[in-house]
Amino acid sequence: ALKDLAKSTSLKDLAKNISDDLAENTSNHEQEKAIGSLIEKLVNRACNEVIYIPAERGLVSFLSRQYGKELTNVIPDTLLDFIIHFNKVSSITRPLYIDLFDVTYQKEKEGKDYIILSNDKRFLLAESASGLQAVIPAILIFEYYAHDERRKSYTFEEPELNLFPIA
């Protein structure tokens, strides 16, 4: 029941509900133990609401699923987490038109990421311009999680890497 409550309420309401329940139904020692557990759960929940987009995001197009598994001890955890998000999102995302660049992103059945230009010319994401390699994975993540109420914020490391004159 606590998991269902945690999914359906805000952090503030969740903390108040649990705190009220603890005060009514437990001893001081049990309350201290439960409050420590509550703090840990709230921190974990808050962290799950943040998506971190690392400066190394341009490497995502080169680090496929198989490479990501082999490099887990070599690449930073933040990049590995972003690769996991990208692989999840890209595998379920339909072709996505990105009007800022007049291109469409599409993942093919064989798992390759493509950029399709307005003239229907296709490029692997890994072979496209470095700016596209860096920003398209972030755009995919933004588009997907924009509809997920649990994801509340993004930490976008070094956003200046993707500033454009028309932005």
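Trainee: Hi! In what order do the four strands of the open sheet come, and how do they pair?
Mentor: Hello! The order is β2-β3-β4-β5, and the pairing is antiparallel. Keep in mind that this is a predicted model.

Trainee: Okay, which ones are the edge strands?
Mentor: Those are β2 (96-98) and β5 (122-124), as each of them pairs on one side only.

Trainee: How much are neighbouring strands turned against each other?
Mentor: On average by 30°, if you ignore direction.

Trainee: And what holds strands of a sheet together in pairs?
Mentor: In general, strands pair through backbone hydrogen bonds, in a parallel or an antiparallel way.

Trainee: Back to β2, then. How many bridges join β2 to β3?
Mentor: Three bridges do, and β3 covers residues 103-107. To pick out one partner, look at tyrosine 97: its bridge partner in β3 is threonine 104.

Trainee: Let's switch to helices. Which strands does α5 lie across?
Mentor: Helix α5 lies across β3 and β4 (113-117), and runs at about 100° to β3.

Trainee: And which strands does α6 lie across?
Mentor: That helix lies across β2, β3 and β4, running at about 120° to β2.

Trainee: How do the axes of α5 and α6 cross?
Mentor: The axes of α5 (residues 77-92) and α6 (residues 130-145) come within 9 Å and cross at roughly 65°. The two helices are therefore roughly perpendicular to each other. As for handedness, α5 passes α6 in a left-handed crossing.

Trainee: Which residues make the contact?
Mentor: On α5 they include Phe82, Phe86 and Val89, and on α6 they include Leu140, Ile141 and Tyr144. By class, the contact has ten nonpolar, two polar and one charged residues.

Trainee: New topic: how many aromatic pairs are there?
Mentor: The count comes to three. One of them joins phenylalanine 86 and tyrosine 105, 6.3 Å centre to centre with 65° between the planes, so the pair is edge-to-face, given that planes over 60 degrees apart count that way.

Trainee: Where do those two sit in the chain?
Mentor: Phenylalanine 86 is in helix α5 and tyrosine 105 is in strand β3, 19 residues apart, and the pair links distant parts of the chain.

How values were computed. Residues numbered from 1 in each chain as written. Predicted model: local features only at pLDDT ≥ 70, side-chain atom pairs only at ≥ 80, totals over all residues. Heavy atoms only, no water. Axes fitted to C-alpha atoms, helices over the stretch in contact; angles between N-to-C directions. Parallel < 35°, antiparallel > 145°, perpendicular 65-115°, else oblique. Left-handed = near helix turned anticlockwise from the far one by under 90°. Contact = heavy atoms within 4.5 Å. Nonpolar A, V, L, I, M, F, W, Y, C, P; charged D, E, K, R; others polar. Pairing = 2+ DSSP bridges. Phe/Tyr/Trp six-rings, centres within 6.5 Å; stacked < 30°, edge-to-face > 60°.
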